[in-house]
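Reader: I would like to learn how the features of a fold are read, one at a time, with the general idea before the particular case. Could we work through one example together?

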Amino acid sequence: MKMLFCSLLAALSLGQAVAGEVITLGAEDDWAPYSSVVDRQAKGFAVDVVREAYALVGITAKFDVLPYSRCMSDTKAGTLLACFDAVPNAMIAKHYLWPKLPLFTTHMNVYALADSTAQDMVASKLEGRTVGVERGYEYGDEFDMNTKIVRKIVDKNFQGFRMLLAKRIEFMAAEERIAKALFLRFPAEFGGKFKLVGTVATPGLFIAFSKSAPDSERYLKKFNEGYAILRNSPRYAEIEAKWF
């Protein structure tokens, strides 16, 4: 009995220690409704999912909100534990540790002006064409590895759509819900001005964990545990309904 009591006490103490853990993750600042900065705080679907997955295993997740390219470079360097939302394509996959499951799956689309006759624009059909892309983002291997596509890099998605309106580029590549959110956010400027003309990828988006940050493998494992619980509960769908 004494041994059992000691074992239970040790387990309780360990649980309290774990419950007191606080970690900081990188969250991108320009990907509403998944992750963006609102009143200097990280807000969005992915933010809620990550926070709640860690809470289920007794860990409090906090967030540094910063541009995606810096978020990923800091994670690669080991000064950040992890960053989201990332596509593990051939160019970046080897530099990070990846969870078992994506936070979500999506469509990486191609947009043109509303009067465009373009259609079914896959990566190979974009060769030699000017396409706006956000700095540091991944759009799927076929697009990302194709050096014949003429990329015009912007720091924010809305800048790319403004370039498209000004006819400085032929197309803009953007994630489906991000584009819809922008069109709703700027109805006078963007409403009815664009059309979907193709999809270059339907990737899963993940948290990318650092290979060199302290305890990153352990925190990846804890995320996998909490996320499995969350995905198999009604709560995941409730978070989706909140944001989408």
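Predicted model: local features only at pLDDT ≥ 70, side-chain atom pairs only at ≥ 80, totals over all residues.

Reader: Which residues does Lys-211 touch, not counting residues up to four places away in sequence?

Author: Lys-211 touches Lys-94, His-95, Tyr-96, Leu-97 and Ser-216 when those sequence neighbours are set aside. For a sense of distance, the C-alpha atoms of Lys-211 and Ile-169 are separated by 37 Å, although the two residues are 42 residues apart along the chain.

Reader: In which sense do β6 and β13 pair, parallel or antiparallel?

Author: Strand β6 (residues 82-86) and strand β13 (residues 204-209) pair in the antiparallel sense, over four bridges, and Ala-82 stands opposite Phe-209 in β13.

Reader: Which helix crosses α8, and at what angle?

Author: The axes of helix α2 (residues 45-55) and α8 come within 7 Å and cross at roughly 100°, and the two helices are therefore roughly perpendicular to each other. On the side of α2 the contact is made by Val-49, Val-50, Glu-52, Ala-53 and Tyr-54, which meet Tyr-219, Leu-220, Lys-222, Phe-223, Gly-226, Tyr-227 and Leu-230 in α8. The residues of this contact divide into nine nonpolar, one polar and two charged.

Reader: How should I read a helix that has a buried side, and which residues of α5 are buried?

Author: An α-helix has 3.6 residues a turn, so residues three or four places apart point the same way. In helix α5 (residues 157-165), the buried residues are Asn-157, Gly-160, Phe-161, Met-163 and Leu-164. They cover an arc of only 155° around the axis, which puts them on the same side of α5.

Reader: Which residues of α5 and α6 meet?

Author: Asn-157, Phe-158 and Phe-161 in α5 meet Ile-178, Ala-179, Leu-182 and Phe-183 in α6, and the residues of the contact divide into six nonpolar, one polar and no charged. The axes of α5 and helix α6 (residues 176-185) come within 11 Å and cross at roughly 70°, and these helices are therefore roughly perpendicular to each other.

Reader: What should I look for in the backbone itself, and where are the cis peptide bonds?

Author: Most residues other than glycine have a negative phi, and most peptide bonds are trans. Here a cis peptide bond joins Ala-32 and Pro-33, with omega about 10°, and Pro-33 is found in the loop between β2 (30-31) and β3 (35-38). Another cis peptide bond joins Phe-84 and Asp-85, with omega about 15°, and Asp-85 has its place in strand β6.

Reader: Which residues have a positive phi?

Author: Among them is Asp-39, whose phi is near 55° and which lies in the loop between β3 and β4 (41-43). Arg-40, placed in the loop between β3 and β4, has a positive phi of about 70° although it is not a glycine. Asp-39 is exposed, with a relative accessible area of 72%, and Arg-40 is exposed as well, with a value of 80%. Lys-167, which follows α5, has a positive phi near 60°.

Reader: Is Tyr-34 buried or exposed?

Author: Tyr-34, which lies in the loop between β2 and β3, is buried, with a relative accessible area of 0%. Leaving aside neighbours within four places in sequence, Tyr-34 is in contact with a list of residues including Phe-45, Asp-85, Phe-104, Arg-177, Ile-178 and Phe-244.

Key
Residues numbered from 1 in each chain as written. Heavy atoms only, no water. Pairing = 2+ DSSP bridges. Buried < 20%, exposed > 50% of the residue type's maximum accessible area, 1.4 Å probe, protein only. Arc of directions from axis to C-beta. Contact = heavy atoms within 4.5 Å. Axes fitted to C-alpha atoms, helices over the stretch in contact; angles between N-to-C directions. Parallel < 35°, antiparallel > 145°, perpendicular 65-115°, else oblique. Nonpolar A, V, L, I, M, F, W, Y, C, P; charged D, E, K, R; others polar.
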